[in-house]
2 protein chains.
Amino acid sequence: MTEKPIDNTTRLRLLKNAELLFAEKGFHAVSVREITKAAKCNLAAVNYHFGGKMNLYLEVFRSRWIPRARRIRHSFEAALQGLDPPFLDDVVGALAQAFLEGPLTDEERRCHSQLMYRELANPTGALDLLAEKVMQPFFMKLRNLLRPHLPETIGDDRLLLSIMSIIAMVIHFNFSREAVSRLTGRTYDAAFKARLVEHITEFSLKGLGGMNIQEQQP
Amino acid sequence: MTEKPIDNTTRLRLLKNAELLFAEKGFHAVSVREITKAAKCNLAAVNYHFGGKMNLYLEVFRSRWIPRARRIRHSFEAALQGLDPPFLDDVVGALAQAFLEGPLTDEERRCHSQLMYRELANPTGALDLLAEKVMQPFFMKLRNLLRPHLPETIGDDRLLLSIMSIIAMVIHFNFSREAVSRLTGRTYDAAFKARLVEHITEFSLKGLGGMNIQEQQP
DNA sequence: TTGCTATTCAAACGTTCGTTTGATACAAAC
DNA sequence: GTTTGTATCAAACGAACGTTTGAATAGCAA
(Lines give C-alpha, C1' and ligand atoms only; values in the text may rest on other atoms or scores of the structure.)
Protein backbone atom coordinates (compact mmCIF):
# COMPACT_ATOMS: atom_id res chain seq x y z
CA MET A 1 0.00 0.00 0.00
CA THR A 2 2.81 2.33 0.83
CA GLU A 3 4.51 1.32 -2.34
CA LYS A 4 3.17 4.36 -4.13
CA PRO A 5 1.76 6.69 -1.48
CA ILE A 6 0.38 9.76 -3.16
CA ASP A 7 3.08 9.96 -5.72
CA ASN A 8 2.54 13.60 -6.45
CA THR A 9 5.87 13.54 -8.13
CA THR A 10 6.84 15.64 -11.06
CA ARG A 11 6.78 12.55 -13.19
CA LEU A 12 3.18 11.73 -12.33
CA ARG A 13 2.00 15.31 -12.64
CA LEU A 14 3.53 15.39 -16.08
CA LEU A 15 1.74 12.21 -17.12
CA LYS A 16 -1.61 13.45 -15.87
CA ASN A 17 -1.44 16.85 -17.47
CA ALA A 18 0.08 15.54 -20.65
CA GLU A 19 -2.73 13.05 -21.07
CA LEU A 20 -5.39 15.70 -20.67
CA LEU A 21 -3.72 18.02 -23.13
CA PHE A 22 -2.91 15.33 -25.69
CA ALA A 23 -6.50 14.13 -25.54
CA GLU A 24 -7.90 17.60 -25.90
CA LYS A 25 -5.67 18.90 -28.66
CA GLY A 26 -3.68 16.07 -30.15
CA PHE A 27 0.02 15.37 -30.09
CA HIS A 28 1.22 18.02 -32.49
CA ALA A 29 -1.01 20.77 -31.16
CA VAL A 30 0.40 20.58 -27.64
CA SER A 31 3.80 21.95 -26.78
CA VAL A 32 6.17 20.78 -24.11
CA ARG A 33 6.04 24.25 -22.62
CA GLU A 34 2.28 23.97 -22.31
CA ILE A 35 2.53 20.61 -20.58
CA THR A 36 5.22 21.62 -18.11
CA LYS A 37 3.36 24.80 -17.31
CA ALA A 38 0.20 22.85 -16.55
CA ALA A 39 2.21 20.40 -14.46
CA LYS A 40 3.90 23.28 -12.65
CA CYS A 41 7.40 22.08 -13.31
CA ASN A 42 10.40 23.05 -15.32
CA LEU A 43 10.55 22.87 -19.08
CA ALA A 44 13.40 20.40 -18.99
CA ALA A 45 11.49 17.93 -16.84
CA VAL A 46 9.93 16.19 -19.83
CA ASN A 47 13.30 15.34 -21.27
CA TYR A 48 14.74 14.45 -17.89
CA HIS A 49 11.98 12.03 -16.91
CA PHE A 50 10.88 10.67 -20.27
CA GLY A 51 13.60 11.48 -22.73
CA GLY A 52 11.46 13.52 -25.08
CA LYS A 53 7.94 14.54 -25.99
CA MET A 54 7.19 11.43 -28.02
CA ASN A 55 8.29 9.12 -25.24
CA LEU A 56 6.06 11.01 -22.84
CA TYR A 57 3.18 10.46 -25.24
CA LEU A 58 3.86 6.75 -25.47
CA GLU A 59 4.25 6.51 -21.71
CA VAL A 60 0.82 8.11 -21.30
CA PHE A 61 -0.61 5.17 -23.18
CA ARG A 62 1.47 2.59 -21.37
CA SER A 63 0.90 3.74 -17.83
CA ARG A 64 -2.50 5.43 -18.04
CA TRP A 65 -4.50 4.48 -21.09
CA ILE A 66 -3.96 0.74 -21.03
CA PRO A 67 -4.67 0.35 -17.29
CA ARG A 68 -7.87 2.27 -17.80
CA ALA A 69 -8.82 0.04 -20.69
CA ARG A 70 -8.33 -2.84 -18.29
CA ARG A 71 -10.66 -1.22 -15.81
CA ILE A 72 -13.30 -0.95 -18.51
CA ARG A 73 -12.84 -4.56 -19.42
CA HIS A 74 -13.04 -5.66 -15.80
CA SER A 75 -16.21 -3.65 -15.35
CA PHE A 76 -17.60 -5.37 -18.41
CA GLU A 77 -16.68 -8.79 -17.12
CA ALA A 78 -17.92 -8.07 -13.62
CA ALA A 79 -21.32 -7.22 -15.04
CA LEU A 80 -21.45 -10.67 -16.56
CA GLN A 81 -20.31 -12.46 -13.44
CA GLY A 82 -22.76 -15.09 -12.28
CA LEU A 83 -24.52 -15.11 -15.61
CA ASP A 84 -23.36 -18.41 -17.02
CA PRO A 85 -23.80 -18.30 -19.82
CA PRO A 86 -24.77 -14.65 -20.30
CA PHE A 87 -27.53 -13.93 -22.78
CA LEU A 88 -27.02 -11.82 -25.82
CA ASP A 89 -28.63 -8.78 -24.30
CA ASP A 90 -26.52 -9.18 -21.19
CA VAL A 91 -23.35 -9.04 -23.22
CA VAL A 92 -24.34 -6.12 -25.40
CA GLY A 93 -25.84 -4.17 -22.53
CA ALA A 94 -22.77 -4.70 -20.38
CA LEU A 95 -20.58 -3.63 -23.26
CA ALA A 96 -22.36 -0.37 -23.91
CA GLN A 97 -22.62 0.36 -20.23
CA ALA A 98 -18.96 -0.37 -19.53
CA PHE A 99 -17.90 2.11 -22.16
CA LEU A 100 -20.46 4.87 -21.78
CA GLU A 101 -21.14 4.76 -18.07
CA GLY A 102 -18.81 2.20 -16.58
CA PRO A 103 -16.11 2.67 -13.97
CA LEU A 104 -14.61 5.89 -15.28
CA THR A 105 -15.38 9.41 -14.31
CA ASP A 106 -16.77 11.50 -17.10
CA GLU A 107 -13.50 13.30 -17.56
CA GLU A 108 -11.61 10.03 -17.73
CA ARG A 109 -14.00 8.68 -20.30
CA ARG A 110 -13.71 11.71 -22.49
CA CYS A 111 -9.96 11.58 -22.21
CA HIS A 112 -9.86 7.88 -22.94
CA SER A 113 -12.04 8.01 -26.02
CA GLN A 114 -10.32 11.01 -27.46
CA LEU A 115 -6.89 9.50 -27.15
CA MET A 116 -8.08 6.33 -28.79
CA TYR A 117 -9.85 8.15 -31.58
CA ARG A 118 -6.80 10.26 -32.25
CA GLU A 119 -4.59 7.24 -32.36
CA LEU A 120 -6.93 5.53 -34.79
CA ALA A 121 -6.81 8.63 -36.92
CA ASN A 122 -3.11 9.23 -36.62
CA PRO A 123 -1.21 6.11 -35.74
CA THR A 124 1.97 7.28 -34.08
CA GLY A 125 3.22 3.98 -32.75
CA ALA A 126 0.89 3.83 -29.79
CA LEU A 127 -1.64 2.07 -31.99
CA ASP A 128 0.62 -0.97 -32.03
CA LEU A 129 0.29 -1.17 -28.28
CA LEU A 130 -3.47 -0.76 -28.34
CA ALA A 131 -4.11 -3.25 -31.08
CA GLU A 132 -1.95 -5.95 -29.59
CA LYS A 133 -2.53 -5.55 -25.87
CA VAL A 134 -6.11 -4.36 -25.77
CA MET A 135 -8.23 -4.56 -28.90
CA GLN A 136 -7.26 -7.94 -30.25
CA PRO A 137 -7.80 -9.88 -27.00
CA PHE A 138 -10.97 -7.97 -26.19
CA PHE A 139 -12.48 -8.69 -29.57
CA MET A 140 -11.68 -12.36 -29.21
CA LYS A 141 -13.35 -12.41 -25.83
CA LEU A 142 -16.42 -10.73 -27.28
CA ARG A 143 -16.54 -13.16 -30.13
CA ASN A 144 -16.54 -16.11 -27.77
CA LEU A 145 -19.26 -14.55 -25.68
CA LEU A 146 -21.51 -13.77 -28.62
CA ARG A 147 -20.93 -16.87 -30.69
CA PRO A 148 -23.21 -19.29 -28.79
CA HIS A 149 -26.21 -16.98 -29.24
CA LEU A 150 -25.94 -16.53 -32.95
CA PRO A 151 -26.85 -18.88 -35.80
CA GLU A 152 -23.98 -21.12 -36.75
CA THR A 153 -24.22 -19.85 -40.27
CA ILE A 154 -22.60 -16.62 -39.16
CA GLY A 155 -18.92 -16.81 -39.93
CA ASP A 156 -16.14 -15.49 -37.78
CA ASP A 157 -15.52 -12.55 -40.10
CA ARG A 158 -19.16 -11.56 -40.03
CA LEU A 159 -19.21 -11.67 -36.27
CA LEU A 160 -16.06 -9.60 -36.09
CA LEU A 161 -17.60 -6.95 -38.31
CA SER A 162 -20.62 -6.80 -36.04
CA ILE A 163 -18.41 -6.35 -33.03
CA MET A 164 -16.55 -3.56 -34.75
CA SER A 165 -19.84 -1.91 -35.61
CA ILE A 166 -20.85 -1.84 -31.99
CA ILE A 167 -17.49 -0.53 -30.94
CA ALA A 168 -17.72 2.07 -33.70
CA MET A 169 -20.94 3.38 -32.21
CA VAL A 170 -19.58 3.39 -28.70
CA ILE A 171 -16.47 5.26 -29.73
CA HIS A 172 -18.35 7.65 -31.93
CA PHE A 173 -20.89 8.68 -29.34
CA ASN A 174 -18.15 9.10 -26.81
CA PHE A 175 -15.82 10.97 -29.00
CA SER A 176 -17.61 13.36 -31.30
CA ARG A 177 -19.66 14.73 -28.50
CA GLU A 178 -19.62 18.22 -29.86
CA ALA A 179 -21.14 17.19 -33.17
CA VAL A 180 -23.59 14.83 -31.50
CA SER A 181 -24.72 17.51 -29.11
CA ARG A 182 -25.12 20.00 -31.88
CA LEU A 183 -27.16 17.68 -34.07
CA THR A 184 -29.38 16.29 -31.36
CA GLY A 185 -29.67 19.51 -29.43
CA ARG A 186 -28.94 17.69 -26.18
CA THR A 187 -26.21 18.18 -23.63
CA TYR A 188 -24.06 15.29 -22.48
CA ASP A 189 -25.58 14.80 -19.06
CA ALA A 190 -26.34 11.58 -17.23
CA ALA A 191 -29.79 11.32 -18.74
CA PHE A 192 -28.51 11.59 -22.26
CA LYS A 193 -25.77 9.09 -21.56
CA ALA A 194 -28.29 6.61 -20.22
CA ARG A 195 -30.33 7.24 -23.33
CA LEU A 196 -27.32 6.46 -25.48
CA VAL A 197 -26.59 3.24 -23.65
CA GLU A 198 -30.17 2.20 -24.15
CA HIS A 199 -30.10 3.07 -27.80
CA ILE A 200 -26.80 1.38 -28.58
CA THR A 201 -27.85 -1.73 -26.71
CA GLU A 202 -31.13 -1.95 -28.52
CA PHE A 203 -29.75 -1.12 -31.92
CA SER A 204 -26.87 -3.55 -31.57
CA LEU A 205 -29.02 -6.33 -30.24
CA LYS A 206 -31.34 -6.13 -33.17
CA GLY A 207 -28.45 -5.65 -35.55
CA LEU A 208 -26.72 -8.72 -34.24
CA GLY A 209 -29.49 -11.05 -35.11
CA GLY A 210 -32.75 -10.46 -33.43
CA MET A 211 -33.77 -14.07 -33.81
CA ASN A 212 -33.34 -15.37 -30.33
CA ILE A 213 -33.80 -12.28 -28.27
CA GLN A 214 -37.46 -12.88 -27.77
CA GLU A 215 -36.92 -16.18 -26.03
CA GLN A 216 -34.70 -14.47 -23.51
CA GLN A 217 -36.95 -11.58 -22.72
CA PRO A 218 -40.50 -12.75 -22.47
CA MET B 1 -17.31 24.47 -70.54
CA THR B 2 -14.38 26.76 -71.11
CA GLU B 3 -15.21 28.49 -67.91
CA LYS B 4 -12.63 26.44 -66.05
CA PRO B 5 -10.55 24.61 -68.65
CA ILE B 6 -7.89 22.63 -66.85
CA ASP B 7 -7.26 25.22 -64.23
CA ASN B 8 -3.88 23.86 -63.34
CA THR B 9 -3.26 27.09 -61.55
CA THR B 10 -1.12 27.46 -58.50
CA ARG B 11 -4.22 28.07 -56.50
CA LEU B 12 -5.83 24.80 -57.50
CA ARG B 13 -2.65 22.79 -57.12
CA LEU B 14 -2.36 24.19 -53.63
CA LEU B 15 -5.89 23.18 -52.75
CA LYS B 16 -5.44 19.66 -54.08
CA ASN B 17 -2.17 18.97 -52.36
CA ALA B 18 -3.19 20.69 -49.17
CA GLU B 19 -6.28 18.54 -48.95
CA LEU B 20 -4.33 15.34 -49.33
CA LEU B 21 -1.79 16.35 -46.74
CA PHE B 22 -4.31 17.73 -44.26
CA ALA B 23 -6.31 14.53 -44.57
CA GLU B 24 -3.27 12.33 -44.14
CA LYS B 25 -1.59 14.13 -41.27
CA GLY B 26 -3.93 16.70 -39.82
CA PHE B 27 -3.73 20.47 -39.77
CA HIS B 28 -0.96 20.96 -37.24
CA ALA B 29 1.24 18.16 -38.54
CA VAL B 30 1.50 19.65 -42.03
CA SER B 31 3.70 22.66 -42.73
CA VAL B 32 3.22 25.30 -45.37
CA ARG B 33 6.62 24.39 -46.73
CA GLU B 34 5.46 20.80 -47.19
CA ILE B 35 2.33 21.88 -49.01
CA THR B 36 4.03 24.31 -51.35
CA LYS B 37 6.71 21.77 -52.11
CA ALA B 38 4.08 19.17 -53.03
CA ALA B 39 2.26 21.76 -55.13
CA LYS B 40 5.53 22.77 -56.79
CA CYS B 41 5.18 26.43 -56.05
CA ASN B 42 6.75 29.07 -53.92
CA LEU B 43 6.48 29.17 -50.17
CA ALA B 44 4.74 32.53 -50.23
CA ALA B 45 1.98 31.31 -52.52
CA VAL B 46 -0.19 30.13 -49.66
CA ASN B 47 -0.28 33.56 -48.12
CA TYR B 48 -0.70 35.26 -51.47
CA HIS B 49 -3.64 33.17 -52.62
CA PHE B 50 -5.35 32.35 -49.35
CA GLY B 51 -4.01 34.73 -46.78
CA GLY B 52 -2.62 32.12 -44.42
CA LYS B 53 -2.52 28.44 -43.61
CA MET B 54 -5.81 28.40 -41.72
CA ASN B 55 -7.66 30.09 -44.55
CA LEU B 56 -6.26 27.53 -46.94
CA TYR B 57 -7.57 24.81 -44.67
CA LEU B 58 -11.02 26.34 -44.55
CA GLU B 59 -11.02 26.86 -48.30
CA VAL B 60 -10.26 23.16 -48.75
CA PHE B 61 -13.54 22.43 -47.03
CA ARG B 62 -15.47 25.11 -48.85
CA SER B 63 -14.35 24.35 -52.37
CA ARG B 64 -13.51 20.65 -52.22
CA TRP B 65 -15.05 18.86 -49.27
CA ILE B 66 -18.54 20.27 -49.43
CA PRO B 67 -18.94 19.76 -53.20
CA ARG B 68 -17.85 16.19 -52.73
CA ALA B 69 -20.34 15.71 -49.93
CA ARG B 70 -22.94 16.93 -52.40
CA ARG B 71 -21.84 14.33 -54.93
CA ILE B 72 -22.28 11.64 -52.30
CA ARG B 73 -25.72 12.91 -51.49
CA HIS B 74 -26.70 13.07 -55.15
CA SER B 75 -25.47 9.54 -55.64
CA PHE B 76 -27.58 8.50 -52.70
CA GLU B 77 -30.64 10.22 -54.04
CA ALA B 78 -30.09 8.95 -57.57
CA ALA B 79 -30.11 5.39 -56.24
CA LEU B 80 -33.55 6.02 -54.82
CA GLN B 81 -34.92 7.63 -57.97
CA GLY B 82 -38.00 5.91 -59.27
CA LEU B 83 -38.55 4.11 -56.02
CA ASP B 84 -41.52 5.94 -54.65
CA PRO B 85 -41.61 5.41 -51.86
CA PRO B 86 -38.32 3.60 -51.32
CA PHE B 87 -38.35 0.68 -48.91
CA LEU B 88 -36.30 0.63 -45.78
CA ASP B 89 -33.64 -1.60 -47.29
CA ASP B 90 -33.44 0.63 -50.35
CA VAL B 91 -32.66 3.63 -48.19
CA VAL B 92 -30.13 1.93 -45.96
CA GLY B 93 -28.47 0.10 -48.81
CA ALA B 94 -28.20 3.26 -50.87
CA LEU B 95 -26.76 5.08 -47.89
CA ALA B 96 -24.02 2.57 -47.21
CA GLN B 97 -23.23 2.25 -50.87
CA ALA B 98 -23.07 5.99 -51.46
CA PHE B 99 -20.51 6.37 -48.72
CA LEU B 100 -18.40 3.26 -49.11
CA GLU B 101 -18.55 2.72 -52.85
CA GLY B 102 -20.44 5.61 -54.33
CA PRO B 103 -19.23 8.18 -56.82
CA LEU B 104 -15.81 8.84 -55.36
CA THR B 105 -12.53 7.31 -56.24
CA ASP B 106 -10.95 5.38 -53.45
CA GLU B 107 -8.43 8.11 -52.79
CA GLU B 108 -11.16 10.73 -52.68
CA ARG B 109 -13.15 8.66 -50.24
CA ARG B 110 -10.23 8.16 -47.94
CA CYS B 111 -9.46 11.85 -48.08
CA HIS B 112 -13.06 12.82 -47.48
CA SER B 113 -13.56 10.59 -44.49
CA GLN B 114 -10.31 11.50 -42.88
CA LEU B 115 -10.96 15.21 -43.12
CA MET B 116 -14.38 14.77 -41.62
CA TYR B 117 -13.11 12.56 -38.84
CA ARG B 118 -10.39 15.01 -38.01
CA GLU B 119 -12.80 17.87 -37.91
CA LEU B 120 -15.10 15.92 -35.63
CA ALA B 121 -12.12 15.26 -33.41
CA ASN B 122 -10.67 18.73 -33.57
CA PRO B 123 -13.24 21.33 -34.47
CA THR B 124 -11.32 24.20 -36.00
CA GLY B 125 -14.20 26.20 -37.38
CA ALA B 126 -14.76 24.05 -40.42
CA LEU B 127 -17.15 21.94 -38.37
CA ASP B 128 -19.57 24.85 -38.34
CA LEU B 129 -19.69 24.66 -42.10
CA LEU B 130 -20.17 20.91 -42.17
CA ALA B 131 -22.84 20.80 -39.52
CA GLU B 132 -24.91 23.56 -41.01
CA LYS B 133 -24.53 23.00 -44.73
CA VAL B 134 -24.19 19.23 -44.92
CA MET B 135 -25.00 17.15 -41.87
CA GLN B 136 -28.10 18.86 -40.61
CA PRO B 137 -29.99 18.85 -43.93
CA PHE B 138 -28.84 15.35 -44.78
CA PHE B 139 -30.00 13.96 -41.47
CA MET B 140 -33.39 15.62 -41.91
CA LYS B 141 -33.70 14.08 -45.35
CA LEU B 142 -32.83 10.68 -43.96
CA ARG B 143 -35.32 11.05 -41.18
CA ASN B 144 -38.11 11.79 -43.62
CA LEU B 145 -37.14 8.82 -45.76
CA LEU B 146 -37.03 6.39 -42.88
CA ARG B 147 -39.97 7.62 -40.87
CA PRO B 148 -42.77 5.98 -42.92
CA HIS B 149 -41.26 2.52 -42.49
CA LEU B 150 -40.89 2.59 -38.77
CA PRO B 151 -43.45 2.20 -36.02
CA GLU B 152 -45.01 5.49 -35.05
CA THR B 153 -43.96 4.86 -31.49
CA ILE B 154 -40.40 5.69 -32.47
CA GLY B 155 -39.77 9.28 -31.57
CA ASP B 156 -37.76 11.74 -33.57
CA ASP B 157 -34.86 11.60 -31.16
CA ARG B 158 -34.73 7.84 -31.32
CA LEU B 159 -34.71 7.91 -35.08
CA LEU B 160 -31.97 10.51 -35.09
CA LEU B 161 -29.83 8.34 -32.85
CA SER B 162 -30.30 5.43 -35.22
CA ILE B 163 -29.24 7.55 -38.14
CA MET B 164 -26.17 8.69 -36.28
CA SER B 165 -25.36 5.08 -35.49
CA ILE B 166 -25.41 4.16 -39.14
CA ILE B 167 -23.31 7.16 -40.03
CA ALA B 168 -20.94 6.25 -37.22
CA MET B 169 -20.35 2.87 -38.78
CA VAL B 170 -19.91 4.27 -42.23
CA ILE B 171 -17.41 6.84 -41.05
CA HIS B 172 -15.60 4.40 -38.84
CA PHE B 173 -15.08 1.75 -41.49
CA ASN B 174 -13.95 4.38 -43.91
CA PHE B 175 -11.70 6.17 -41.56
CA SER B 176 -9.87 3.83 -39.28
CA ARG B 177 -8.90 1.58 -42.11
CA GLU B 178 -5.56 0.75 -40.65
CA ALA B 179 -7.01 -0.57 -37.44
CA VAL B 180 -9.83 -2.35 -39.26
CA SER B 181 -7.39 -4.02 -41.62
CA ARG B 182 -5.16 -5.05 -38.79
CA LEU B 183 -7.95 -6.57 -36.74
CA THR B 184 -9.73 -8.31 -39.57
CA GLY B 185 -6.59 -9.30 -41.43
CA ARG B 186 -8.08 -8.07 -44.69
CA THR B 187 -6.88 -5.46 -47.15
CA TYR B 188 -9.16 -2.67 -48.28
CA ASP B 189 -9.84 -3.95 -51.78
CA ALA B 190 -13.10 -3.88 -53.71
CA ALA B 191 -14.21 -7.22 -52.35
CA PHE B 192 -13.77 -6.14 -48.76
CA LYS B 193 -15.55 -2.87 -49.43
CA ALA B 194 -18.49 -4.71 -50.93
CA ARG B 195 -18.46 -6.94 -47.87
CA LEU B 196 -18.57 -3.87 -45.64
CA VAL B 197 -21.49 -2.37 -47.54
CA GLU B 198 -23.34 -5.62 -47.20
CA HIS B 199 -22.60 -5.85 -43.51
CA ILE B 200 -23.51 -2.27 -42.67
CA THR B 201 -26.71 -2.51 -44.65
CA GLU B 202 -27.74 -5.73 -42.97
CA PHE B 203 -26.73 -4.66 -39.50
CA SER B 204 -28.43 -1.29 -39.82
CA LEU B 205 -31.59 -2.70 -41.31
CA LYS B 206 -32.01 -5.08 -38.43
CA GLY B 207 -30.96 -2.46 -35.95
CA LEU B 208 -33.51 -0.01 -37.27
CA GLY B 209 -36.41 -2.20 -36.51
CA GLY B 210 -36.54 -5.47 -38.27
CA MET B 211 -40.29 -5.64 -38.06
CA ASN B 212 -41.32 -4.81 -41.59
CA ILE B 213 -38.35 -5.99 -43.55
CA GLN B 214 -39.78 -9.39 -44.17
CA GLU B 215 -42.79 -8.08 -46.01
CA GLN B 216 -40.54 -6.24 -48.40
CA GLN B 217 -38.18 -9.09 -49.17
CA PRO B 218 -40.16 -12.26 -49.60
C1' DT C 1 7.00 51.43 -76.28
C1' DT C 2 5.10 52.55 -71.69
C1' DG C 3 2.31 51.73 -67.85
C1' DC C 4 -0.44 48.65 -64.88
C1' DT C 5 -1.78 44.55 -62.63
C1' DA C 6 -1.24 39.95 -61.25
C1' DT C 7 1.79 36.41 -60.01
C1' DT C 8 6.12 34.14 -58.68
C1' DC C 9 10.27 34.01 -56.31
C1' DA C 10 14.45 34.08 -52.99
C1' DA C 11 15.45 35.90 -48.82
C1' DA C 12 14.67 37.25 -44.47
C1' DC C 13 11.51 38.21 -40.56
C1' DG C 14 10.23 37.24 -35.69
C1' DT C 15 8.37 33.48 -33.09
C1' DT C 16 7.96 29.12 -31.20
C1' DC C 17 9.34 24.60 -31.12
C1' DG C 18 11.91 20.35 -28.75
C1' DT C 19 16.04 19.67 -26.73
C1' DT C 20 20.50 20.53 -24.29
C1' DT C 21 23.44 22.56 -20.94
C1' DG C 22 25.56 23.71 -16.64
C1' DA C 23 24.61 25.39 -12.21
C1' DT C 24 22.23 24.59 -7.97
C1' DA C 25 19.74 22.29 -4.15
C1' DC C 26 19.10 18.43 -1.38
C1' DA C 27 19.35 14.09 0.62
C1' DA C 28 21.53 9.67 1.80
C1' DA C 29 26.10 7.05 2.11
C1' DC C 30 30.51 6.82 3.41
C1' DG D 1 32.70 16.75 6.02
C1' DT D 2 32.94 14.91 1.86
C1' DT D 3 31.13 12.34 -1.73
C1' DT D 4 27.59 10.66 -4.67
C1' DG D 5 23.41 10.60 -7.08
C1' DT D 6 18.86 12.55 -8.07
C1' DA D 7 16.04 16.27 -9.16
C1' DT D 8 15.03 20.96 -10.45
C1' DC D 9 15.98 25.22 -12.50
C1' DA D 10 17.07 29.40 -15.72
C1' DA D 11 19.16 30.04 -19.82
C1' DA D 12 20.40 29.12 -24.23
C1' DC D 13 20.64 26.14 -28.49
C1' DG D 14 19.66 25.16 -33.35
C1' DA D 15 15.89 24.04 -36.17
C1' DA D 16 11.46 24.64 -38.06
C1' DC D 17 7.49 27.21 -38.12
C1' DG D 18 3.99 30.86 -40.45
C1' DT D 19 4.41 35.09 -42.42
C1' DT D 20 6.32 39.30 -44.73
C1' DT D 21 9.03 41.77 -47.93
C1' DG D 22 10.68 43.64 -52.14
C1' DA D 23 12.44 42.55 -56.40
C1' DA D 24 11.73 39.95 -60.72
C1' DT D 25 8.63 38.25 -64.23
C1' DA D 26 5.12 37.73 -66.90
C1' DG D 27 0.62 39.26 -69.58
C1' DC D 28 -2.23 42.66 -71.37
C1' DA D 29 -4.03 47.63 -72.39
C1' DA D 30 -3.20 51.98 -73.83
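This is a predicted model: local features need pLDDT of at least 70, side-chain atom pairs count only at pLDDT 80 or more; totals for chains, interfaces and linings use all residues.
## Chain A as a whole

Chain A is built from helices, with 10 helices and 0 strands, and its order along the sequence reads α-α-α-α-α-α-α-α-α-α. The C-alpha trace of chain A spans about 60 × 40 × 35 Å along its principal axes, and 38% of the 218 residues of this chain count as buried. When contacts in chain A between residues at least 6 apart in sequence are taken together, 67% of them join residues at least 24 apart.

## Packing of H4 and H5 in chain A

Within chain A, the axes of H4(A) and of helix H5 (residues 88-100) come within 9 Å and cross at roughly 145°, and the crossing in which H4(A) passes H5(A) is right-handed. From H4(A), the residues Ile72(A), Ser75(A), Phe76(A), Ala79(A) and Leu80(A) take part, and they meet Asp90(A), Val91(A), Ala94(A), Leu95(A), Gln97(A), Ala98(A) and Phe99(A) in H5(A). By class, this contact of H4(A) with H5(A) consists of 9 nonpolar, 2 polar and 1 charged residues.

## The nonpolar core

The largest nonpolar core holds 119 residues, and those that touch the most other members are Leu95(A), Val170(A), Phe22(B), Leu95(B) and Val170(B). Leu95(A) is also one of the H5(A) residues that meet H4(A). For Val170(A), once its neighbours within four places in sequence are left aside, the contacts are with Ala96(A), Phe99(A), Leu100(A) and Ile200(A); among these, Phe99(A) also belongs to the contact of H5(A) with H4(A).

## Where the two chains meet

The contact between the chains involves 38 residues of chain B and 38 residues of chain A. On the chain B side, at least two residues each come from helix H6 (106-121), helix H7 (126-146), helix H8 (156-175), helix H9 (177-184) and helix H10 (190-208). H8(B) gives the most to this side, with 11 residues, and the side of chain B that touches chain A has 19 nonpolar, 13 polar and 6 charged residues.

## Surfaces near the DNA strands

In terms of residue class, the surface near DNA strand C comprises 9 nonpolar, 5 polar and 2 charged residues.

## A loop residue in chain B

Ile154(B) lies in the loop between H7 and H8 of chain B. Ile154(B) counts as partly exposed because 14 other C-beta atoms lie within 10 Å, whereas a residue would need 20 or more to count as buried and 12 or fewer to count as exposed. Although Ile154(B) and Gly209(B) are 55 residues apart in sequence, their C-alpha atoms are 9.7 Å apart in space.

Technical notes: Residues are numbered from 1 along each chain as its sequence is written. Chains are lettered from A and ligands numbered from 1 in the order in which they are written. Ala, Val, Leu, Ile, Met, Phe, Trp, Tyr, Cys and Pro count as nonpolar, Asp, Glu, Lys and Arg as charged, and the others, Gly among them, as polar. A nonpolar core is a set of buried Ala, Val, Leu, Ile, Met, Phe, Trp, Tyr and Cys residues joined through C-beta atoms within 7 Å. Two residues are in contact if their C-beta atoms, placed from the backbone, lie within 7 Å. Helices (H or I, at least four residues) and strands (E, at least two) are DSSP runs, numbered from the N terminus. Axes are lines fitted to C-alpha atoms, for helices over the stretch in contact, and angles run from 0 to 180 degrees between N-to-C directions. A crossing is left-handed if the near helix is turned anticlockwise from the far one by less than a right angle, and right-handed if clockwise.
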